[in-house]
Amino acid sequence: MRELLRKLDRHWFAPAPLRDLALVRIFLVGVVLFVFPPGREQPGPGELWTPLPVLKIMMLPFGEWGAQPQFMLLEAVHLVRWVSGVCALVGLGTRASLLCFAGSNTFLEAHSYSYGEIHHAGGGTLLYIALFALSLGPPHTRMSADAFLLKMRARAAGWRPPDREVTESELARWPLRVAQWCIALAYISAALSKLGYGGLAWLNGYTLERHVMGDVMLKEPLLGRWFAALPTIALSAISIATVAFESFFSLAILYPWLIWPFVVGGLAVHTGIYLTQGVGPFLPLVCTYVVFIESLRTTFPFRHGLWARYDGAKARLLRNWPRPD
Amino acid sequence: MSPSKIFAACVASVFLLIQLYVIVPFGYTGKWYWPFVDYRMYAGSWHRGDVIEVYEARGQPCDSVPQDETVEAGGLRSQEADRLGFELGIGSSRFQTVAARVKAENADGDEARATIGAAIERRFPGHYCDAQIWLQSYTVGVDDPLDPSRHWNLFQAWPLAGVTDFR
């Protein structure tokens, strides 16, 4: 039992670089702010209004239980989203701005899903959960305006900066772990649903043909017809590979050296879904892989070659740098 | 264990336990707990010989001649009826369910026609005189996905009477 607790402690709280946390924050906030804005901008038709529980809760300060947000409120939340997003990006009031940014995006996306259609087409779900986790993590003392202002204030007060800057924290890992496990659970959920609801027949090849053709007839995605025309045995093999990928993605968390094969697999799966069905949150999900930053960095296949070249180039540059006489 | 770690452990547990609760057992209900979602989309299984039917909404502009009842796939742009696609404000899967009911000559059919008619009027007020639902079908494992002669067939058409305030 003690051994298990020790392993759990190491899994969640082993010291991790604060720089990774800062890079993830900047990347995620950047993509959510500029690349994946939440869906509907205006209130939709009242007769279709079926609010999600999360929106009912968030609407409580503004109206009765289940009230529909009106145009002005949505505009105000959009404004909060932009202001808090920019602050979170530069790291000003980082925790509060991250929390506001995650909350405003959740509000707007929940609103767009409150008209009878709920799915993950926007793909923001996991990004928002990652942002919430980051906002509750350790203080953002790297790559942030907060850290800069703190240094300025300390200098103005005549305090001597510490000899060595704090670069790691035992609280820097858990927000990323939460996001990692949420991704793994999402994939496990997808696999379990296919096998639990569709059964082994989901792997028969005809199922994939049907799902692809259903989208082809409505959207004519680039490779849809060609893909659906593949031999049934090939479609069956692709179905099995997809379910295997979804079922075992969590191994990439437990065994970091597996992260690159799974990232490449994820790119293949999501790009394939997009090209053959014209649907799917392939880009947001792939962007969410950034929460594996430490594993991606430390297990990058060509890292030694690249670092050696970088070090060599740096040494040559310094050697040849003109020195004042 | 420090208070910070205890706080972190509690937050992480809440996130992951809610997500677990939502995805097990596997069913429809979990989607209501968004942003914790069960990813059940495309989970149904199909077999050789099963038939897919997809519906599409189009609007007949008031100043145009009604079109033929069959349109070849790929030739839609030249037709006078406009494809309204997903612009109606009705989500895609919900639209498919509603569209399948428009032919019924009962209260259910009336409601489906009123829903789609109201959506067209709300989105394009006064622009269309007729609402149309078109149907295309495909038999899994039998039809050729690359067959260029696939057709959209007119499933149902009805006049729009300036419906602006459907419930």
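The model is a predicted one. B:D50 lies in the loop of chain B that runs between α1 (3-23) and β1 (51-61), and among the residues that B:D50 touches is A:R210 of the other chain.

**The surroundings of B:D50**

- Leaving aside residues up to four places away in sequence, B:D50 touches A:R210 and B:V140.
- B:C10 and B:D50 are separated by 40 residues in sequence, and their C-alpha atoms are 48 Å apart in space.

**The contact between the chains**

- Chain A brings 57 residues to the contact, while chain B brings 46 residues.
- On the side of chain B that touches chain A, at least two residues each come from α1, β1, α2 (92-99) and β4 (128-139), and α1(B) gives the most, with ten residues.
- By residue class, that side of chain B is made up of 26 nonpolar, ten polar and ten charged residues.

**Strand pairing in chain B**

- β1(B) and β4(B) run antiparallel and are joined by eleven bridges; in this pairing B:E53 has B:S137 of β4(B) as its bridge partner.
- β4(B) also pairs with β5 (residues 151-159) of chain B, in the antiparallel sense and over six bridges, and B:A131 stands opposite B:W158 in β5(B).

Terms used
Residues are numbered from 1 along each chain as its sequence is written. Chains are lettered from A and ligands numbered from 1 in the order in which they are written. This is a predicted model: local features need pLDDT of at least 70, side-chain atom pairs count only at pLDDT 80 or more; totals for chains, interfaces and linings use all residues. Helices (H or I, at least four residues) and strands (E, at least two) are DSSP runs, numbered from the N terminus. Two residues are in contact if their C-beta atoms, placed from the backbone, lie within 7 Å. Ala, Val, Leu, Ile, Met, Phe, Trp, Tyr, Cys and Pro count as nonpolar, Asp, Glu, Lys and Arg as charged, and the others, Gly among them, as polar. Two strands pair if DSSP finds at least two bridges between them.
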